[in-house]
Amino acid sequence: MVSAGGTPNAQNKHLNPPLSLRLGQAIIPHRIDEWDNGMKSFLAAITLAIQPLQLAQAADLSILIENITDPGGALSWSVFDSAETYKNDRSPVIEARSRVYAATTQVTLHDLPPGVYAVKVFHDANSNGKLDRNILGIPLEGYGFSNNKGRFGPPAFAKASVPLEGDTQIRIRLR
Amino acid sequence: MRRRDFLIGLPTALAAAHALPRAVFAELPPSWAIGFAGVESDLAPLPMSVQGRLPAPCQGTLFRNGPALYQRAGQRYGHWFDPDGMIQAFRFAADQVVHQGRFVRTERLLKESAAGRFLFNGAGSKISGAMPERNNETLNVANINVQLVGDELLALWEAGSAYRVDPDSLETLGVQHWSKELAGVPFSAHPRTDESGNLWNIGSASFAGSNPRLVLYQISAAGQLKKFRVHPLDFAGYMHDFILTPRYMIALNSSAISTMTESETFVGSVKWMPEQPSQLLVFDRQTLDHVKTIEVPATFVFHFGNAWEDQQQLEWTACAYPNSNFMTIGMARLAQQQPGPYYSDLTLVRYRLDLNKSRCQIEPLDVDLEFPAFDRRAPFSPQPLYGASGSGSSASGLATAVMRIDPRSGDAQRYDYGPDYIVEEPQLIGGDYLMHSFLDHRRGRSGVAILRAAALADGPILLAEMERILPLGFHGCFVAAA
């Protein structure tokens, strides 16, 4: 079992301060729990951690990723706390990868400062480190956004973002 | 943000309300509505009853594609563009004609078949509980055309990849991949062949919102990608077909413009913008370089006839509609088996383009001809054009006749089957015979007719019919027996 913040990741020493966090591109080993969801599939429960500065107000954001249709590879996560960073795909507060073991995966981001967050996730099914696109820039691998908005392009931050005041659970359905 | 969404959302909401009328027929739906009932499973080989003698050049197979699966789990598509594509094969041998139909096994069909319900919106229908799609390919129903390329059939859509189909078994062989970077890139439904058998095509990514683009392709006769080009568009006009000349590819960026939004279907997002001139986009075949853009009055065209060059003038024919109402309203009403009007009042027009002077004359030929067919052995000769006719005056808004016209002299011949028939796209076989499928909706029969091309007015010389009713389809090809 990996406890919150106990991930043996060389990048973790750089986790402070919280708003400039980058977990980098390393694949982070996490605990895998077997769940019975009625479909004999596994639920990979993954815990990412942020070292908190404001413990009193910090909250957890749990994300259930559904509909991972291709086997293997990794999920690539980016969490943003502003419309500008989200739009430019720059300086996410969290950037991480997690292995894909099943059609459903749960990730908990611990001790986030209160705020408004938007999540982008894609399934790097062939593990080449990027979201494959064609010549028109159209994604060819699975992806999703918080609130499951957006069609033929990512939703605006206002549509993708979720307020985090206390512990919160969201679902993202990969498309 | 919210206010902007509202401003964007309002016109599309109105368009949607307009496109999905509540009107119903006062009594029973008219008999032609059976052409939009759809089928739900593959159709096993069935011998047809035949009257007349089969001319030797007509031994072979008429392949057709069209929307066929209209409903699952109590939900029904509301636009003719949407049902899953089914390949129909009519195999003509000396002693019998056999029909077979098989759905193209698209990624979408397999997913929805496994789920037992529709999962995604169509190009023109919203599905309740629709899941977000990964990309345009998720929506691919491969339902517009089927053409022989090399020794395989391509089941063609227009907003995504073609699917490969075996001509003998009609089994789906997979997605046609031209190259890695072209995965999922639109490959339109009307590839054209030049004098040496090369295949040319466009792909319209007009759904790409603020960044619409046109892709140009050259494919070898054997089916290998030779070159392609991506061209940015000034606006996202609907483009279904294009014009191929000895030296140029010409696309018509129509004034039916898509403003894809999150909440609307592709068709629902298309708005007719008469104040926006349409554009002839001229590309050099050798380089695929953009040569010129020539503005023409706002128009809407699905299909073009063949083109020829006369001195410095490029000439071709087009089936022109006054606006996009047939696509946005008429095709929805037909699929919903609802009363018209269907807005299928098209006119065949002749384009004469002086490329040096960037001047284009457009002359109406005063006939309604859709689904144009010509002798593909001479793609760049001025020649008679064949097609289906009568849609502007029929109760269903669909063709009841076949016709032939010389676009230079205006000489025309026509055979009208009358109001009980709907005539589908004809194929010209060896220059001598015209073959087309039809629906006899009063008697409840689908069939294929063959006429002598030089004597259309005499009517069919062969009729093959069956009590199996096929959904009305779009396009296909005739492949002569080896």
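Trainee: Is Tyr238(B) buried or exposed?

Mentor: Buried means under 20% relative accessible area, exposed over 50%, and partly exposed in between, with a 1.4 Å probe and protein chains only. Tyr238(B) has a relative accessible area of 3%, so it is buried. This is a predicted model, in which local features need pLDDT of at least 70 and side-chain atom pairs count only at pLDDT 80 or more, while totals for chains, interfaces and linings use all residues. Residues are numbered from 1 along each chain as its sequence is written, chains are lettered from A and ligands numbered from 1 in the order written, and side-chain values use heavy atoms, without hydrogens and water.

Trainee: How many aromatic pairs does a search of the whole structure find?

Mentor: Rings of Phe, Tyr and Trp (its six-membered ring) pair if their centres lie within 6.5 Å; planes under 30 degrees apart are stacked, over 60 edge-to-face, and the rest tilted. The search finds 24 such pairs over all chains. In one of them, the ring centres of Phe36(B) and Trp80(B) are 5.0 Å apart with planes at 80°, so this pair is edge-to-face. Both Phe36(B) and Trp80(B) are buried. For Tyr238(B) and Phe266(B), a centre distance of 6.3 Å accompanies planes at 45°, so that pair is tilted.

Trainee: Which residues do ring pairs link into a cluster?

Mentor: The cluster consists of Phe81(B), Tyr238(B), Phe266(B), Phe300(B), Phe302(B), Tyr321(B) and Phe326(B). Of these, Phe266(B) is buried, with a relative accessible area of 14%.
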